[in-house]
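Dear colleague,

I am passing on the structure we spoke of, and below it I have set down what was found. Please read the notes with the model open beside you.

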Amino acid sequence: GDDWGVPYMHSFYGPLALQRSESRKISDAGWSIRRPVDPKIGPKYDEYYFGPAHRVPLYDLVYHDCIITTFHDGDSNNMYYKTEEEDRKYWRLKELYQVLHGQAPNFYLTFEEFFEEQHERIRESIETVCSWHEQVAYEELVDHRYLTEDRMVQESHFSSGKSVIVNFNESDPYESRQGTVPPLDFVTYTR
């Protein structure tokens, strides 16, 4: 997704995904293969790909009002990782970024057996992310800021005044004027 496509396209998949380089080799995991295959997630994946201290929504600050974007399908919400604990961790982080950036979820639904196993969680994710996305999908993302020094709590404002605070902390709640934001959760409000 880039300038050339904006006048012609409504959606691009993948711009929210960062370059994986040596930090993850999705092709080694394969979608038709289940655990214990290791998708080779390295420390850079956590630090840069999902690390709140390093991620900045520059793409969305420029294009949010005219393009819907998602993570790459190789990093869709329902991607299998090495353990069930990693599955839950990354799925939730993807939801939090999607809400913070006002983007749509992305699901890889090629294998019926995976859908049967994941359909309830997919439904929950759609209800969580899409209910917000419907409100802000084509609005301009006018501001994004870090609310804590460690950057684990972030806030985004959209042109309608709709706003969201996301808490990436795994154990500490965040107290805001809009109320308590539980760990790994978010609060939406209108300014």
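A nonpolar core, as the term is used here, is a set of buried Ala, Val, Leu, Ile, Met, Phe, Trp, Tyr and Cys residues joined through side-chain atoms within 4.5 Å, and please bear in mind throughout that this is a predicted model.

The largest such core has 21 residues, and those with the most contacts inside it are Phe50, Val164, Val166 and Phe168. Two or more residues of this core come from each of α2 (43-49), α4 (84-101), α5 and β5, with α4 giving the most, namely 6 residues. Apart from it lies another core, of 6 residues, which includes Val153, Tyr174, Val187 and Tyr189.

Turning to the sheet, 4 strands form an open, antiparallel arrangement in the order β3-β4-β5-β8. Because β3 (141-146) and β8 (185-190) stand at the edges and have a single partner strand each, one side of each is left without a neighbour in the sheet. On average, and with direction ignored, neighbouring strands of this sheet are turned by 15 degrees against each other.

Within the sheet, β4 (residues 153-158) and β5 (residues 162-167) run antiparallel and are joined by 5 bridges; Val153, for its part, has Asn167 in β5 as its bridge partner. Helix α5 (residues 112-136) lies across β4, β5 and β8, and runs at about 150 degrees to β5.

With best wishes

Terms used: Residues numbered from 1 in each chain as written. Predicted model: local features only at pLDDT ≥ 70, side-chain atom pairs only at ≥ 80, totals over all residues. Heavy atoms only, no water. Pairing = 2+ DSSP bridges. Axes fitted to C-alpha atoms, helices over the stretch in contact; angles between N-to-C directions. Contact = heavy atoms within 4.5 Å. Buried < 20%, exposed > 50% of the residue type's maximum accessible area, 1.4 Å probe, protein only.
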